[in-house]
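Open the model in your viewer and keep the sequence panel beside it.

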Amino acid sequence: MLQTGINIQDIPENGSKGFECRGEKYFAVKKQNSLYVYKNSCPHIGVALEWVEDQFLDSSHTMIQCANHGALFVIESGVCVAGPCTGQRLAPAKFNIVDDFICLG
Ligand code: FES
């Protein structure tokens, strides 16, 4: 397991945070006390989703949004429901929480 250095207390409720681990980009979303972690790579063309640091959600904070072409993803499943990659999904990352820190693997 890889400790990411990301403390879940630093992620706001209904908020998101990007981070890197072993050269790969990821982001985490906290919603209703659950945490979701995905690779930070849009299935549309394989680039990072955010333009502004740690901003991975739409204005209503109910969907993950890719800043590049506006694709919307369900937070819980990573499935794209609108935009150019509808039907595709974000790649989930396996993780555990150890002493409040996100550990991958
Ligand atoms: S790169 Fe994400 S919608 Fe195009």
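The stops below run from the whole chain to single residues.

**Stop 1: the whole chain**

Keep in mind that this is a predicted model. Show the chain as a cartoon. How many helices and strands are there? The count is 0 helices and 9 strands. Follow the chain along the sequence and the pattern reads β-β-β-β-β-β-β-β-β. The radius of gyration is 13 Å, close to the 13 Å that the globule rule gives for 105 residues, so the chain is as compact as a globular protein of that length.

Now turn the view along the principal axes. The C-alpha atoms fill a box of roughly 40 × 25 × 25 Å. Among contacts with a separation of 6 or more, 40% join residues 24 or more positions apart.

**Stop 2: surface and charge**

The chain exposes about 5,700 Å². Carbon and sulfur atoms supply 47% of that area. Buried residues make up 40% of the 105 residues.

Next, color the charged side chains. There are 8 positive and 11 negative ones. The centres of the two sets lie 8 Å apart.

**Stop 3: the largest nonpolar core**

Hide the surface. Select F27, L49, I64, F73 and L90. These are the residues with the most contacts inside the largest nonpolar core, which has 16 residues. Which elements give two or more residues to this core? They are β3 (24–31) and β4 (34–39).

**Stop 4: I64**

Leaving out residues up to four places away in sequence, I64 touches F27, V29, Y38, L49, F56, L57, A71, L72, F73, V74, I75 and L90.

**Stop 5: L49**

Move on to L49. Where does L49 lie? L49 sits in the loop between β4 and β5 (63–65). Is L49 buried or exposed? Its relative accessibility is 0%, so L49 counts as buried.

Now display its partners. Beyond residues up to four places away in sequence, L49 touches F27, N40, S41, C42, F56, I64, Q65, C66, A67, N68, F73 and L90. Draw a distance from L49 to Q65. These two are 16 residues apart along the chain, and their C-alpha atoms are separated by 7.3 Å.

**Stop 6: R89**

Select R89, in the loop between β7 (80–82) and β8. With residues up to four places away in sequence not counted, R89 touches P43, S77, G78, V79 and C80. R89 and Y38 are 51 residues apart along the chain, yet their C-alpha atoms are separated by 9.9 Å.

**Stop 7**

Finish with a pair of backbone angles. Most residues other than glycine have a negative phi. Select D99, in the loop between β8 (95–98) and β9 (101–104). D99 is not a glycine, but its phi is positive, at about 50°. D99 is exposed, with a relative accessible area of 70%.

Step on to D100, found in the loop between β8 and β9. What is the phi of D100? The value is near 75°, which is positive in a residue other than glycine. D100 is partly exposed, with a relative accessible area of 28%.

Technical notes
Residues numbered from 1 in each chain as written. Predicted model: local features only at pLDDT ≥ 70, side-chain atom pairs only at ≥ 80, totals over all residues. Heavy atoms only, no water. Core = buried A, V, L, I, M, F, W, Y, C linked by side-chain atoms within 4.5 Å. Buried < 20%, exposed > 50% of the residue type's maximum accessible area, 1.4 Å probe, protein only. Helix = DSSP H or I, 4+ residues; strand = E, 2+ residues; numbered from the N terminus. Contact = heavy atoms within 4.5 Å. Rg over C-alpha atoms; globule rule 2.2 N^0.38 Å. Areas by Shrake-Rupley, 256 points an atom, 1.4 Å probe, with all protein chains shown as cover. Lys, Arg positive; Asp, Glu negative; His and termini not counted. Charge placed at Lys NZ, Arg CZ, Asp CG, Glu CD.
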